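This report describes one protein chain from its predicted coordinates. It begins with aromatic side chains, then turns to helix packing, backbone angles and the chain as a whole.

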Amino acid sequence: MPRAGLSEARVVEEGERIADEVGMSNLTLAALAGRLGVRQPSLYKHIAGTDGLRRSIAIRAKIELAGVLGRAAVGLSRDDALASMAHAYRAWAIEHPGRYAAAQRAPVPGDVDDEVASAAVVGVAFDAIAGYELRDDDAVDAIRSLRAALHGFVTLETGGGFGLPANVDRSFDRLVTGLATAFSRWDRVAATPE
């Protein structure tokens, strides 16, 4: 019988907290069991091992991130939507480094819950750049560029990769402004032929 007060949601929430504290790669079932005051085998009544825990954290993180980004961009368009979403993305990633790492995980094909959560994040990004009127492959290229730029910046920032004395916030603002400028001219940039 599961321990009173212990549920799948409680186990995953505590896993999220540990991941944010020590990093997703350092999250262990032993640490989770210790934090919850149970023996490690008790966790298996609520999660399917380490892989199941990480999957649950990833899905919840993607849903949370989609909500954060959607709220940031609602009612805005073009440059304003892009900037607001980008700043929300950066703030959430810095505040929740373990969950952020989990949200980068691509869904396993056929994992409907993870595919839906992943699509929610991508959908918000597409909505945020809709004002640039990018279609088809141009829109996909823009979303990939946006993700690469934001992820690269956040990863370097949180990993201590910015050692120069210039203001990091200013650099981020310029990155976002550069993306907005690029997206406004995206259809004029020739793609490499296939």
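## Aromatic side chains

Phenylalanine 153 is buried, at a relative accessible area of 9%; buried means under 20% relative accessible area, exposed over 50% and partly exposed in between, with a 1.4 Å probe and protein chains only. The model is predicted, and local features need pLDDT of at least 70, side-chain atom pairs count only at pLDDT 80 or more, and totals for chains, interfaces and linings use all residues. Residues are numbered from 1 along each chain as its sequence is written, and side-chain values use heavy atoms, with hydrogens and water left out.

The structure holds five aromatic pairs. Rings of Phe, Tyr and Trp (for Trp, the six-membered ring) pair if their centres lie within 6.5 Å; planes under 30 degrees apart are stacked, over 60 edge-to-face, and the rest tilted. Two of the pairs are listed here.

| Pair | Geometry | Centre to centre | Angle between planes |
|---|---|---|---|
| Phenylalanine 153 and phenylalanine 172 | edge-to-face | 5.0 Å | 65 degrees |
| Phenylalanine 183 and tryptophan 186 | edge-to-face | 5.2 Å | 75 degrees |

Phenylalanine 153 in helix H8 and phenylalanine 172 in helix H9 (residues 168-184) are 19 residues apart, and their pair links distant parts of the chain. Helices (H or I, at least four residues) and strands (E, at least two) are DSSP runs numbered from the N terminus. Phenylalanine 172 is buried as well, with a relative accessible area of 0%. The charged end of arginine 90 sits over the ring of phenylalanine 172, 4.8 Å from the ring centre; the criterion is NZ of Lys or CZ of Arg within 6 Å of the ring centre and within 35 degrees of the ring normal.

Serine 171 also belongs to helix H9. At 34% relative accessibility, serine 171 is partly exposed. Between serine 171 and phenylalanine 153 there are 9.4 Å in space, C-alpha to C-alpha, and the two are 18 residues apart in sequence.

In the other tabulated pair, phenylalanine 183 is buried at 1% relative accessibility, and tryptophan 186 is buried at 17%. Ring pairs join Tyr132, Phe183 and Trp186 into a cluster.

## Packing of H1 and H4

The axes of helix H1 (residues 8-22) and helix H4 (residues 49-73) come within 10 Å and cross at roughly 80 degrees. Axes are lines fitted to C-alpha atoms, for helices over the stretch in contact, with angles from 0 to 180 degrees between N-to-C directions. H1 is therefore roughly perpendicular to H4, a term that covers 65 to 115 degrees. From H1, Glu8, Val11, Val12, Glu13, Gly15 and Glu16 make the contact, and from H4, Leu53, Ser56, Ile57 and Arg60; contact means heavy atoms within 4.5 Å.

## Positive phi values

Most residues other than glycine have a negative phi. Glutamate 133 has a positive phi, near 55 degrees, and lies in the loop between helix H7 (112-129) and helix H8 (136-158). Glutamate 133 is exposed at 60% relative accessibility. Aspartate 136, in helix H8, has a positive phi near 50 degrees and is exposed at 66%.

## The chain as a whole

The chain has nine helices and zero strands. Its C-alpha trace spans about 60 × 45 × 35 Å along the principal axes. Of the 194 residues, 39% count as buried. Among contacts between residues at least 6 apart in sequence, 66% join residues at least 24 apart.

Conventions:
Parallel < 35°, antiparallel > 145°, perpendicular 65-115°, else oblique.
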